[in-house]
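Here are my notes on this one, point by point. Have the structure open while you read.

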There are 4 protein chains.
Amino acid sequence: MLSGEEAMKVGFVGLGIMGSRMARNLISGGYELTVHNRTREKADTLVADGAGWAETPKDLGAAVDVVFTMLADPAAVTGMATGGDGFLEGLKKGTVWVDCSTVDPDFSRQMAQAAKSHGVDLLDIPVVGTKGPAASGELVFLAGGKREAVERCRPLLDCMGKELIYLGDNGQGAAMKMVVNLLLGSAMSAYAEALILGQSLGLSNKKIAEVVLDTPVAAPFLRGKHPLLEQKNYQPHFPLRWMRKDLQLVAKTAYEQNVSLPATNVIKEIYGLAQRSGLGDSDFAAIYQYLSGDVK
Amino acid sequence: MLSGEEAMKVGFVGLGIMGSRMARNLISGGYELTVHNRTREKADTLVADGAGWAETPKDLGAAVDVVFTMLADPAAVTGMATGGDGFLEGLKKGTVWVDCSTVDPDFSRQMAQAAKSHGVDLLDIPVVGTKGPAASGELVFLAGGKREAVERCRPLLDCMGKELIYLGDNGQGAAMKMVVNLLLGSAMSAYAEALILGQSLGLSNKKIAEVVLDTPVAAPFLRGKHPLLEQKNYQPHFPLRWMRKDLQLVAKTAYEQNVSLPATNVIKEIYGLAQRSGLGDSDFAAIYQYLSGDVK
Amino acid sequence: MLSGEEAMKVGFVGLGIMGSRMARNLISGGYELTVHNRTREKADTLVADGAGWAETPKDLGAAVDVVFTMLADPAAVTGMATGGDGFLEGLKKGTVWVDCSTVDPDFSRQMAQAAKSHGVDLLDIPVVGTKGPAASGELVFLAGGKREAVERCRPLLDCMGKELIYLGDNGQGAAMKMVVNLLLGSAMSAYAEALILGQSLGLSNKKIAEVVLDTPVAAPFLRGKHPLLEQKNYQPHFPLRWMRKDLQLVAKTAYEQNVSLPATNVIKEIYGLAQRSGLGDSDFAAIYQYLSGDVK
Amino acid sequence: MLSGEEAMKVGFVGLGIMGSRMARNLISGGYELTVHNRTREKADTLVADGAGWAETPKDLGAAVDVVFTMLADPAAVTGMATGGDGFLEGLKKGTVWVDCSTVDPDFSRQMAQAAKSHGVDLLDIPVVGTKGPAASGELVFLAGGKREAVERCRPLLDCMGKELIYLGDNGQGAAMKMVVNLLLGSAMSAYAEALILGQSLGLSNKKIAEVVLDTPVAAPFLRGKHPLLEQKNYQPHFPLRWMRKDLQLVAKTAYEQNVSLPATNVIKEIYGLAQRSGLGDSDFAAIYQYLSGDVK
């Protein structure tokens, strides 16, 4: 924390896999932090380490200069931000709300309007990176909204990430996140299909990985996923149900923008079938397990 | 060429985008080369540079110790190799046929049987790499077949490529190539969909490329493709009709192996629609053009 | 019109292909009708035939006992029903709003809540049938909402349709319509693919129709569509853009309900590509034209 | 059997669900029948009822004037027809081979060539209809090949079916069968998705069936399937693995003909996933069970 920001009081709403790690980095950065979460227990270790607990989102809003949200989906964001108990009701004019949740651009622009009516600037700043980078403060931030407000929040974002990319007006951060997660979900599905095909032909997973992960046809994040696949370790870095949700936001957005994404829509449904088969809380790499027929 | 191999006479059948460049590297390597192609003209510059021309595949077979084939699909391979005029009829016992074509493993094993009945060892050694690496001798070879025969051919392969990966018995080279091209075709389709979505939301192609091509979610080969997409330059490095053909081989193989590849099958059909719209001879990156609706 | 209902004043909002024909049947049935539409001209012939024109939806609401809506999508319904000028603002307590639009069940239940807060009963009563049955009063109504309110509206519905199927609480009419249009859009797509395959093999469209339209594998509505396909007559009975919209509602609903519909999602995207190629205002049968490659 | 055909000796190869019932109708029709099957036991009841057993396909060929085949796929047909023990080796010149198997047109034309080289006329006459119509002699035959040869076989076909549709040269019967099974497989998949969606919204299977099976949007064969779905009775009338196989033939044919069938290709993969999950020997209606997530 640079001098001059000392007074900036920070709120954090949404303490799941990502949010809890991001919030911790704000504490480590020296910020006075107030937190809220749908279930109180998830806040316990942060509170033990000095964070304040707000009973309601509104209480949190009233106590801080900037609110970060890291929530599951648009409905969860609406639930925390709006209504009589929402933090928008509590926030003072001139404060900033940074929504790091993955939401669609249309929704984000609607929220920006709602925030504006309370005199609050919404920034849509979703992240690239999962559990590991969230913990180590190496997220990449994709920022939409007023540039000046983004700059004011930069020191806070620097605590949690390694890079901040400014993309334009409200919704542009969310837009780029749609693009990134379309690629992420597609690459995972393609790799799952590739492994399954190769194995069926007698190639070992190990050999396939050796060959393809070194060629330019494979997305580099797969180098990290592959060992987990080999171990059938589907502990969630990025839960499959979130990927399904994100691809649904992608599909909704494509519809609204009058573009068509045939492959992405099928992939979305395969994640859906995998979720239905009980893999929703596994890592999204478990699409491999599903397509392998290796399910109960 | 190492001493001791001086006497090795080499044949090359199939002088398209890839084959012509590979054959040239054999000439540059000092080998005595005989060539054949469905249409004679494509052999002209190689012949001018010292290659011999064989009127029929059989004649070619009779003149050489090893035959390389780089052909469009299984039907083209059958046409050159078998029948009364096929090179198998001409080849002496103990010679080697190296098939660099992308074919499915089942077909490759059938051809190995056919070759064996003529006393010829077939190696399935398809390549990773397109026009550029073919010209510069930087292909990667994925080899299936008898290891000893592969070793005998290594000096020749070293003229044309930078790496040789031995994968096992007949069909295993072809198998790995299926895996690689599944990934290649899927990644291109996903990137096309990602760009189209992003643009529809007001993000420039340039900005999307800047952000995603540096993240681990994008396959590295896309860094080379992107500038061509921006310029609408679809000059074929790897023609779209070949990608459609390869994904059909993937789908056929998956069926035979009793595995299912839902995303790959849809992507195959989108390449098919693109081909039908007149983009078959464009680079496979033109799937982006097709999905953009930017077709006549 | 039965005696006793004489006093029932009826409003109709949305005078497109379907609504204009339905409204005319209410006039023919002897009802005093007030109409409103986004563009005034579409009301001209109805007004010439005795319908009243309301300048705003609210004015319409204030003048009637029951409002029918037949609108393009949830956004259009929201636009007419809610807000300061919406008809809910005008409607008296105890009146009924019959929404015949194809909307998703979740939206319909939200609207029912909004209506309830004005003391109005919403019925979701979408229709089965396109332009022809709308004109001849042979629609089938799929009704959700309070049964007693449905019964009160039955004489009006009898003017416009041949059958009324009561399905349960709010949202159940909309739910069944999702089911019906999933089948409709899928069957049209399958028939398009079947014709294209058959033709490519040398079977005439005529012969295919002769054989398959008489077997139990083809949905009977295709008997009506086939002659139009043969004539390349894509005058809209049910515009392709509506089918795309309806399948998007289906996909959204499936997501919310945690079920997966892989085929439907792909088909949705193919309608989307067709729309993008300029076929949005053609009949949805034009998916055949699109898949044929017969587009500009 | 009409007088004049008394001397026609008939062979039947392939005594599965369909073939055994068809063969029985030939016995009932008074024909002298010789049978062969991969596994002998399936012939036992027919032999008990008077059919002769041939130890090899070649023996069968030598004993008859016309051979019917009803086999699983192209590989099975090749296995019985060709090679030293194949029935083509046994058949006299001027005899007829009627292939009722579902195979692709390209394969059928190849077989016609092989038959011709033995002086045998091949007719491709696949059937519309499953177990029930096969038993009751109510199949519909789709005939390709020389018309005169078809006419010679008509009395035999009349024993087994209710209708014979002549479609043209070799391959045209197979072509129409591709069209029919594309529609069949698609309609079943669409109905499965429709039921699953409807149920998720609280509509009962019974209510959905009541409404949609009476509308023109549902293929009539679904009226027969629905009660079985309700009872979770997946005893095979048409095994799911055959549907997957047929759709693979459709996809192969579409590729060869340079047409694209996106929905059919996805549906094929869903049947494939269902087969992989253990439903291959269930009726193809079990795609509903698979998509419901109701699998082990």
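1. D:R40 and D:D44 make a salt bridge, with 3.8 Å between the closest N and O atoms. Keep in mind that this is a predicted model. With a relative accessibility of 36%, D:R40 falls in the partly exposed class. D:D44 is partly exposed too, at 38%.

2. Still in chain D, have a look at D:K225 and D:D283, whose side chains meet in a salt bridge at 2.8 Å, N to O. D:K225 sits in helix α11 (residues 221-230) and D:D283 in the loop between α13 (262-279) and α14 (287-291), so this pair ties together parts of chain D that are 58 residues apart in sequence. Buried or exposed? For D:K225 the relative accessible area is 8%, so this lysine is buried. D:D283 has 3% and counts as buried as well.

3. On salt bridges overall, the structure holds 56 of them over all chains. B:E269 is buried at 5% relative accessible area, and B:K268 is buried at 2%.

4. The contact takes 20 residues from chain B and 20 from chain D. About 1,900 Å² is buried between these two chains, with carbon and sulfur atoms giving 49% of the area. How many salt bridges are there between chain B and chain D? The count is zero. Residue pairs in polar contact, on the other hand, number 18 between chain B and chain D (both residues at pLDDT 80 or more). The elements giving two or more residues to the chain B side are α12 (240-257) and α13 (262-279). Of the elements on that side, α13(B) gives the most, with nine residues.

5. Now the contact between chain A and chain B. Here 54 residues come from chain A and 54 from chain B. The buried area is about 4,400 Å², and carbon and sulfur atoms give 80% of that. On the chain A side, A:L197, A:L201 and A:V217 lose the most area to chain B, together 15% of what the side buries. The salt bridge count between chain A and chain B is zero, while eight residue pairs are in polar contact (both at pLDDT 80 or more). β9 (161-168), α9 (172-200), α10 (205-212), α12 (240-256) and α13 (262-279) of chain A each supply at least two residues to the side touching chain B. The largest share, 20 residues, comes from α9(A).

6. On to the rings. There are 20 aromatic pairs over all chains. C:F12 and C:F68 are stacked, 5.9 Å centre to centre with 10 degrees between the planes. C:F12 belongs to strand β1 (residues 9-13) and C:F68 to strand β4 (residues 66-69) of chain C, 56 residues apart. Both of these phenylalanines are buried. C:F87 and C:W97 have ring centres 5.0 Å apart and planes at 85 degrees, so their pair is edge-to-face. This pair ties helix α5 (residues 87-90) to strand β5 (residues 96-99) of chain C, across 10 residues in sequence. C:F87 is buried at 0% relative accessible area, and C:W97 is buried at 0% too. In chain A, there is an aromatic cluster made of A:F221, A:F238, A:W242 and A:F284.

7. Last, the annotation. UniProt, in an unreviewed entry, places "domain: 6-phosphogluconate dehydrogenase NADP-binding" at residues 9-168 of chain A. Over that stretch the chain is 42% helix and 25% strand, and the end C-alpha atoms are 26 Å apart.

Technical notes:
Residues numbered from 1 in each chain as written. Chains lettered and ligands numbered in written order. Predicted model: local features only at pLDDT ≥ 70, side-chain atom pairs only at ≥ 80, totals over all residues. Heavy atoms only, no water. Phe/Tyr/Trp six-rings, centres within 6.5 Å; stacked < 30°, edge-to-face > 60°. Helix = DSSP H or I, 4+ residues; strand = E, 2+ residues; numbered from the N terminus. Buried < 20%, exposed > 50% of the residue type's maximum accessible area, 1.4 Å probe, protein only. UniProt positions renumbered as here; feature names shortened; annotations may be inferred. Contact = heavy atoms within 4.5 Å. Buried area = accessible area lost by both parts, 1.4 Å probe. Salt bridge = Lys/Arg side-chain N within 4 Å of Asp/Glu carboxyl O. Polar contact = N/O pair within 3.5 Å; in protein donor to acceptor, adjacent residues only side chain to side chain.
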